[in-house]
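Subject: Structure for you to look at

Hello,

Here is the structure I promised to hand over. Please open it first, then read my notes below with the model on screen.

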Amino acid sequence: GLKAQAQADYYKAVSTLAKASERAQAPKYGEGMVMTPAFEGKFFSDADAQKLRKMMDLERPSPIRGLAQSISWANALPRLLMTTYDIGHVLIQGQLVLFSHPIVWTKAFGQSMRALVTERGYQSFLATHADTIRNWSRDGAIFSPSEFTAALGQGQVLSKVPVARALIAPFARSFEAMLNATRIYGLEATESLAKTPQDRVGLAKFWNEMSGVTDTARMGISPTQREIETAVMFAPRYRRAVLALMTDIAKGGLRGRMARDALGKVTLAGLAGYIGTAALMGQTPRLDPREGGKFLTVNIEGQNIGFAGSYYSATRALLQMALDPGNTATIAAKYVQNSLSPVVGTAINVYQHPFLYDSPLKLTKQVVLGNLTPIWAQSKLLDTQNEGTPAAVLLEAVGLRTFPDRPANTSPVHPGRLSRPSYARPVHPGLGR
């Protein structure tokens with residue numbers, strides 16, 4: 001009796017000590033580590049860890065990197081204002097999860113709306129799932145802020161503008177809550193599928209990609225290349241995540257199976273939903289990607305409206321190239337230009353179409369309104385023909401997009417801005433027009 005009780009107490013104490021030791025060795029949410037021998041086993045705040053990693057960067061400063069950092073800093077504000085000042089993330093970043101794991105999407109949507117209303121509610125959610133965050137962070141799951149809300153970070157554009165931060169913070173918080181809740185609920189729902197450490201790493205990467213995030217530093221990409229990508233592309237980590245998910249279908253193991261299952265469901269459920277919607281509206285489904293802006297859209301008040309996102313744009317471009325190989329270069333150029341950052345894209349557009357900027361007023365309207373207003377507001381502010389109807393504004397605010405009526409093989413148009421008067425307001429930067 002006493003011996004058995006003593007042994008039970010001993011093993012319980014050992015188990016408790018092991019769990020406490022494991023928790024002590026893992027960073028908590030909001031903490032970071034610096035992966036060098038000098039700081040092994042030490043924890044810092046995220047901000048301090050980021051400063052230390054930057055200070056210990058082995059790459060020497062260079063003019064190219066300095067220029068890229070400046071452009072990246074300038075890109076942060078347009079990226080934030082154009083993509084997070086609404087609830088469009090639920091149907092753009094959340095699109096793949098909606099069609100493949102609807103229960104996870106529904107839960108994440110609820111947390112996103114809760115975070116929009118109250119910061120305390122969002123913090124409570126993170127605290128409740130602290131074990132999931134801590135355990136899966138070690139396997140590569142990402143729970144740090146995304147590139148879309150970088151302008152609110154320390155040393156960024158809005159870091160010293162309290163009024164602007166107060167106005168934008170609820171929407172940015174809702175955006176991040178959608179991504180973090182997707183990973184948390186997704187990992188909790190599929191954790192039992194991981195039988196080996198390799199499976200856990202693969203599962204973490206899968207849910208990172210499903211929610212549109214990647215850790216390019218962990219991938220071994222140099223700091224200079226990361227800065228250049230952020231300077232040139234609108235959302236390089238988001239686009240890289242979706243493209244990586246698409247290539248995962250050729251891989252083996254749990255990660256490959258999950259990718260094939262998810263993208264198969266997205267394609268089938270998405271097509272079935274679209275064809276059914278078109279039939280209910282009495283319209284003929286637009287299934288030919290060579291129709292450009294009409295592909296997989298329905299006509300509402302004279303406008304082509306449908307889903308957007310990186311998966312949509314990449315799939316459409318690949319289908320266009322396969323069906324029209326003679327125009328592969330033009331299609332590829334259009335795809336790349338629709339992915340450019342606000343600074344680079346605006347510079348190219350001014351150079352290509354100077355007639356749109358032949359007065360200071362036109363320049364201000366196109367550059368400022370085209371870069372510093374939410375995409376749904378641009379439906380009104382940059383309307384040239386019949387866009388900007390109430391239906392377009394509402395649908396774009398929840399993540400759908402209006403598409404220009406252009407064939408696939410026309411010259412590329414920079415996203416989010418006018419290219420020619422007949423095109424009306426074309427596309428949303430980096431999000432898959």
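Start with the second largest pocket. By class, its lining has 17 nonpolar, eight polar and no charged residues. Keep in mind that this is a predicted model.

**The second largest pocket**

The space in this pocket comes to about 640 Å³. There are 25 lining residues, and the closest to the centre are Gly 270, Leu 271, Tyr 274, Leu 296 and Phe 307. Which elements give two or more residues to the lining? They are α4 (95-100), α12 (253-280), β3 (298-300), β4 (303-306) and α13 (310-323). Helix α12 gives the most, with eight residues.

Now look at Leu 296 itself. Leu 296 sits in the loop between α12 and β3. Its phi is positive, about 55°, although Leu 296 is not a glycine. Leu 296 counts as partly exposed because its relative accessibility is 21%.

Lys 294 is in the loop between α12 and β3 as well. Lys 294 has 23% relative accessibility, so it counts as partly exposed. Lys 294 and Asn 304 are ten residues apart along the chain, and their C-alpha atoms are separated by 6.0 Å.

Glu 301 belongs to the loop between β3 and β4. Glu 301 is not a glycine either, yet its phi is positive, near 55°.

**The whole chain**

Step back for a moment. The protein chain has 18 helices and five strands. It has 433 residues, and 47% of them count as buried. Take the contacts with a separation of 6 or more: residues 24 or more positions apart account for 68% of them.

**The nonpolar cores**

In soluble globular proteins, nonpolar side chains tend to be buried together. Look for that here. The largest nonpolar core has 52 residues. Which residues have the most contacts inside it? They are Leu 203, Trp 207 and Met 210. Helix α8 (residues 162-190) supplies the largest share of this core, eight residues.

Zoom in on Trp 207. Leave out residues up to four places away in sequence, and Trp 207 touches Val 97, His 101, Val 104, Thr 182, Arg 183, Gly 186, Leu 187, Thr 190 and Met 258.

**Aromatic pairs**

How many aromatic pairs are there? The count comes to nine.

Phe 148, Phe 175 and Tyr 238 form one aromatic cluster.

Phe 206 and Trp 207 make another pair. Their ring centres are 5.2 Å apart and their planes are at 80°, so this pair is also edge-to-face. Phe 206 and Trp 207 are both buried.

**Cavities**

Where is empty space left? Rolling a probe the size of a water molecule over the atoms shows where empty space is left. A search of the whole structure finds three cavities of 30 Å³ or more. The largest cavity has a volume of about 70 Å³. It is lined by 15 residues. Nearest its centre lie Ile 92, Leu 96, Tyr 238, Val 242 and Tyr 311. The elements that give two or more residues to this lining are α4, α9 (197-210), α11 (236-247) and α13. Helix α13 gives the largest share, three residues. By class, the lining has eight nonpolar residues, six polar and one charged.

**Helix α15**

One last stop: helix α15 (residues 342-352). Here Pro 342, Val 344, Gly 345, Thr 346 and Asn 349 are buried. The buried residues of α15 pack against α3 (63-84), α10 (223-232) and α16 (360-371).

Best wishes

Key:
Residues are numbered from 1 along each chain as its sequence is written. Side-chain values use heavy atoms; hydrogens and water are left out. On a 1 Å grid over the protein atoms alone, a cavity is a set of points where a 1.4 Å probe fits but cannot get out, and a pocket is an open set with protein on both sides within 12 Å along at least five of seven lines; lining residues have an atom within 4 Å of a point. Grid points are joined across faces, edges and corners, and a volume is the space filled by probe spheres set on the points. Helices (H or I, at least four residues) and strands (E, at least two) are DSSP runs, numbered from the N terminus. Ala, Val, Leu, Ile, Met, Phe, Trp, Tyr, Cys and Pro count as nonpolar, Asp, Glu, Lys and Arg as charged, and the others, Gly among them, as polar. A nonpolar core is a set of buried Ala, Val, Leu, Ile, Met, Phe, Trp, Tyr and Cys residues joined through side-chain atoms within 4.5 Å. Buried means under 20% relative accessible area, exposed over 50%, partly exposed in between (1.4 Å probe, protein chains only). Contact means heavy atoms within 4.5 Å. Rings of Phe, Tyr and Trp (its six-membered ring) pair if their centres lie within 6.5 Å; planes under 30 degrees apart count as stacked, over 60 as edge-to-face and the rest as tilted.
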